[in-house]
Amino acid sequence: MDLEAVNREVKREFEEEWAGTSVENLLITNQYPRAKEEFACFEKFLPKDDLILEAGCGLGPKLIYFTQKNYSMVGVDYVFSALERVHQYNPKLTLAQTDVHALPFPESSFGAYLSYGVVEHFPQGPQQAILEAHRVLKSGGLIFMMVPADNPLSRFVYDEQNFLHKLRRNGLIRKLMGKPPLQPQEETQPISNYTVERKCVAFSRHRNFRSSTNNL
Ligand SMILES: C[S@@+](CC[C@H](N)C(=O)[O-])C[C@H]1O[C@@H](n2cnc3c(N)ncnc32)[C@H](O)[C@@H]1O
C-alpha cells in the first residue's frame, strides 16, 4: 500500500468534508444525548488548571465546548481552511496548523490530549501519533483517544464492498434517485475508518500507559 498516497487522500477527504458544513452545524451535535454523556464523563478527568490539546479539532465543536466550560484548550489540525473558520467563529481560540505526528510543542506541555476520530484514518496505524502525544504530555497527563468500535456491525457499515455501498454507487440506482453519476475520483475506495481500537490499547499497554476502553 502506498501510505503517502492514502494519507494525501484522507486529507483531501477531510478538506472536502469541512468545506461542506459549518461550525454552527457541528455545534448542534454537542447537544446530542450521547455527546452530553461523553462530555460529562471527560469532565470528571480533564484538568482545569492545565493546558489541554485537541489534536485533529476540525471545525472545533469539542474545542469550543470545552473552552466555554473554562478549560484552557489548544486546537490543532492539518486542514488550514477548517482552522480559519474556527478562528472566524471565535478569534480568541488558540489554534495551530500541524500534523499530529510532529507537533510544534516542547515535551511535557499539556495536562491532557484529546483525539476524536483521528488515528483510525492512519493506514500506518496509530503508534507514531500516540508516541507524539506522549512526548507533549506531562508526566501523569491523560490521553483520550476516541476510535470507532470494532464489531461486526461497524465492520459491515464501513466495508465499502458491502452490497449497500455497491448499490449507493450504482449508476442506474443513482439515476433513478435523481443523483448525478459519480466522478472517477469519487469512485476510488474511501480510506477512512481503519479500525484501530485494539491496536491503540495493545500499543499503549506495551508503553506502560494505564488504558481503559468504554469504562471510564
Ligand atoms: C473525524 S474528524 C474529527 C474532528 C473533531 N475532532 C470533531 O470531533 O469534530 C478528524 C480530524 O482530524 C484531522 N486530522 C486527520 N489526520 C490528521 C493529521 N495527521 N494531523 C492533523 N490533523 C489530522 C482531520 O483534518 C479532521 O479535522
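How many bridges join strand 1 to strand 4? Three, and the two strands run parallel. Strand 1 covers residues 51–55. Strands here are DSSP E runs of at least two residues, helices are H or I runs of at least four, and both are numbered from the N terminus. Two strands pair if DSSP finds at least two bridges between them.

Some ground rules. This is a predicted model, where local features need pLDDT of at least 70 and side-chain atom pairs count only at pLDDT 80 or more, while totals for chains, interfaces and linings use all residues. Residue numbers start from 1 along each chain as its sequence is written.

Five strands form an open sheet, order 3-2-1-4-5, with parallel pairing. Strand 3 (94–97) and strand 5 are the edges; each has a single partner strand, so one side of each lacks a neighbour in the sheet.

Stay with strand 4, residues 110–116. Six of its seven residues are buried, meaning 20 or more other C-beta atoms lie within 10 Å of a residue's own, with C-beta atoms placed from the backbone. On one side, Leu 114 is the bridge partner of Glu 54. Strand 4 also pairs with strand 5 (residues 137–146), parallel again, over six bridges. There, Tyr 113 has Ile 143 as its bridge partner.

Last, the ligand. Which residues come nearest? Gly 56, Gly 58, Tyr 78, Tyr 116 and Gly 117, out of 18 around it. Near means a C-beta atom, placed from the backbone, within 6 Å.

Methods
A residue is buried if 20 or more other C-beta atoms lie within 10 Å of its own, exposed if 12 or fewer, and partly exposed in between; C-beta atoms are placed from the backbone.
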